[in-house]
Amino acid sequence: MKRLFLIALLSAAALTSFATVPHRSKVPDIPGYITLKGDFHIHTNFSDGHVWPVTRVDEADYDGLDFIAITDHIETHHQHMIKDFGANATRNSAYEMAAKQAKKYGIMVIHGAELTRGARLFPGHFNTHFITDGDAVNQVAEAHNGKYGDDEVKQEEAAIISGLTEAKKQGAFVTWNHPDWEQQAPNETKWWPIHTQLLNKGLIDGIEIYNSFIGYDPEAFHWAIEKDLTITTGTDAHKPMFQWVDYEKGEYRPMTLVFAKERSLNGIREALDEHRTVALAEGCVYGKEEWIKPLLEACVEISGIKFSEKKMTCKVRNLSTIPIKLAKAPGSEQVVYARGVNLNENEEISFSVNGIDSRKPWNTYEFDINFYVTNWLTDADTPLKISYHVSVPAKYRKN
Ligand code: ZN
């Protein structure tokens, strides 16, 4: 009986700790910049989401995010709150409610909206961030309704161009969302002529390369690198976050890391304009080498380096909650070390290197330890390569 009681007590404690202890990811700053963590794509019950804006802020606090963007669908048929509450609800209400709640936590909220057109697969879905009036964006886009007879494509392209142009007038930063969504891209992910047109008009600034509905989009990631677009990711959460992220399994919500000069909305915006972002999702990092390399260096701490005539040993610690998976890369044939190393979140491991024959002294005194970081990509299917140069101290050199 006593034992049963103890078990019951322990499970209650476990449940309580799961429910109340925030599940916060740990990502270090990089030299010269503060690393801000956020979600650029979130829905609420003001469009087709299932939860209130205030709950989105509570969820962000639980996940330890610095910012979120409220990006409810802007189209009239999605305006359930306006239908129910009339003039008391607008396309800006969800943002206003979230922003008020966010002040309590010191979380930043970006005023956004998702603008969608695409009966014939494209142009697709676009997030407009940093707008000031969602109703005005929608009004301009919907003004094209019924103007072009049967030419639906013409109507939708005209609507998207004017809607995004209005958003830009308000100061928006625009991203093309989930280009690989099967409704938009049933057979392959394509960059259509309308996207070139939007890009040339300055109406696409960034691209969503990971979305929780669809997962990682290698084509979008490649376009981000090739066309120098800002990388973003978002949950696109409609249901409560715990139904998207398996917290019990230790999962983290996908997030965009923004390398900002200051912790403010202006700081986020400046970093977006300068493409200083990295996507973090499902334990993988996606970004330009320029940004993921310093991030990796900030995540790894090497200590306790010891040499002998035959061996070098050290401790390697992962200072973050991002896993680091290493696979030996070419260029270090004169020495032997582990071909595969997994450095899990917050983990410390021992690492050793010896010469070709571990029983004999070093056969080389200068060498590189080369690894591919297989879950940190600098382009679609291109892992980050890292290299540490080692010079064996004179006292351990045989000659
Ligand atoms: Zn969405």
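This dialogue covers cavities and aromatic rings in one structure.

Visitor: What kind of model is this?

Guide: It is a predicted model: local features need pLDDT of at least 70, and side-chain atom pairs count only at pLDDT 80 or more, while totals for chains, interfaces and linings use all residues. Residues are numbered from 1 along each chain as its sequence is written, and side-chain values use heavy atoms, without hydrogens and water.

Visitor: How many cavities of 30 Å³ or more does the structure hold?

Guide: A cavity is a set of points on a 1 Å grid where a 1.4 Å probe fits but cannot get out; lining residues have an atom within 4 Å of a point. Volume is the space filled by probe spheres set on the points. The structure holds two cavities of 30 Å³ or more.

Visitor: How many aromatic pairs are found?

Guide: Rings of Phe, Tyr and Trp (its six-membered ring) pair if their centres lie within 6.5 Å; planes under 30 degrees apart are stacked, over 60 edge-to-face, the rest tilted. The whole structure has 18 aromatic pairs. Phe-213 and Trp-244 are edge-to-face, 5.1 Å centre to centre, with 85 degrees between the planes. These two residues are 31 residues apart.

Visitor: Which residues do ring pairs link into a cluster?

Guide: Phe-126, Trp-176, Trp-191 and Trp-223 form that cluster.

Conventions:
On a 1 Å grid over the protein atoms alone, a cavity is a set of points where a 1.4 Å probe fits but cannot get out, and a pocket is an open set with protein on both sides within 12 Å along at least five of seven lines; lining residues have an atom within 4 Å of a point. Helices (H or I, at least four residues) and strands (E, at least two) are DSSP runs, numbered from the N terminus.
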